[in-house]
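Dear colleague,

Please find below the structure that I am handing over to you.

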Amino acid sequence: MTQKPSKHTSALRSLSLSPFPSTFRPSSLLMPPVVQLRDIRKTYRNGDLEVHAVRGVDLDIHPGEFVAVMGASGSGKSTLMNTLGCLDQPTSGTYHLDGVDVSGLDRAERADLRNQKLGFVFQGFNLLARTTALENVELPMLYAPRRIPADEMRERALRALDIVGLAARADHLPSQLSGGQQQRVAIARALVNQPRVLLADEPTGNLDSRTSIEVMGVFQRLNDEGITIVMVTHELDIAQYCKRNLIVRDGRIVRDDPVVNRLHAATELARLDQAETHAAIAGQPRP
Ligand SMILES: Nc1ncnc2c1ncn2[C@@H]1O[C@H](COP(=O)(O)OP(=O)(O)OP(=O)(O)O)[C@@H](O)[C@H]1O
Ligand SMILES: [Mg+2]
């Protein structure tokens with residue numbers, strides 16, 4: 001994977017993803033939260049059975065944060081993410097997304113808000129199989145409130161693919177790409193409408209460890225440019241690439257810690273390369 005910050009950084013700027021240039025960004029905690037949850041509860045009812053999936057969550061996420069949400073299976077992570085993603089309405093509580101009170105919106109208004117403010121990345125990539133990488137990335141622009149001319153769609157999709165290092169693969173079908181490349185196409189698709197927040201539910205769940213680190217490298221680069229990221233992960237080491245770790249248990253946030261000794265994808269990939277080179281040399285027959 002290419003790691004050329006200068007090229008990608010200029011591509012990111014041209015997508016206007018960051019509200020501030022990286023040299024001047026006010027401390028995020030001074031800015032109003034981009035996500036604000038107050039006493040969010042979600043109860044599923046199936047016949048007589050009630051499942052309290054989320055039981056009173058308060059959460060502020062400020063611009064520029066990079067949050068990992070962890071917890072056991074069934075603890076409520078996806079339910080919480082579906083609320084953040086305006087995909088599902090909470091049973092009670094309030095949610096402000098970039099200052100907009102989501103609770104008061106109807107289904108169509110929520111869909112518009114989702115399209116304007118959020119980008120989604122899923123564990124299974126969710127790309128359309130018979131559609132090229134470029135067309136997959138163009139897809140969210142088809143739902144934009146104003147019609148975007150075809151030329152502009154193509155240009156923006158190419159720029160988003162360039163940011164994830166895949167411009168050269170624009171004409172490939174998902175089946176012609178590796179898992180990591182498919183996930184990078186999905187990240188480009190999530191970026192193309194210039195979201196305020198990127199939401200990812202186990203984005204590395206289907207990837208091997210090297211590819212997972214590469215994907216975390218893409219997220220770290222985007223986050224360095226100011227994009228707020230919230231991701232669910234089961235993997236402790238993957239959470240170490242984020243800046244803040246939340247632990248959910250039985251529908252509540254039971255821990256909320258800053259990441260100390262944060263991992264940096266570029267360093268870890270170099271370390272991995274070195275270890276593999278050593279292993280290859282050690283494996284060679286002696287002269
Ligand atoms: N549509 C639904 N109807 C009924 N119960 C549901 C529904 N969706 C989730 N649940 C229940 O809500 C609880 C939380 O589920 P959720 O999917 O949020 O967990 P999770 O933390 O994402 O788990 P995993 O790590 O396995 O993905 C679980 O007990 C689950 O069975
Ligand atoms: Mg889940």
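A residue is counted as near a molecule if its C-beta atom, placed from the backbone, lies within 6 Å of it. Ligand 1 is surrounded in this way by Tyr-44, Asn-46, Val-51, Ala-53, Gly-71, Ser-73, Gly-74, Ser-75, Gly-76, Lys-77, Ser-78 and Thr-79.

This is a predicted model, in which local features need pLDDT of at least 70 and side-chain atom pairs count only at pLDDT 80 or more, while totals for chains, interfaces and linings use all residues. Residues are numbered from 1 along each chain as its sequence is written, and chains are lettered from A and ligands numbered from 1 in the order in which they are written.

Strand S1 (35-46), strand S2 (49-61) and helix H2 (77-84) each supply at least two residues of the shell around ligand 1; helices (H or I, at least four residues) and strands (E, at least two) are DSSP runs, numbered from the N terminus. H2 gives the most, with three residues.

Helix H5 (residues 150-163) has 14 residues and reaches 20 Å from its first C-alpha to its last. Among its buried residues are Met-153, Leu-158 and Leu-161, where buried means that 20 or more other C-beta atoms lie within 10 Å of the residue's own, and exposed that 12 or fewer do, with C-beta atoms placed from the backbone. After H5 comes Gly-165, with a positive phi near 75 degrees.

Gly-99 lies in the loop between strand S4 (92-97) and strand S5 (100-101). Gly-99 is exposed, with 9 other C-beta atoms within 10 Å.

Yours sincerely

Terms used
The expected span of a helix is 1.5 Å times one less than its number of residues.
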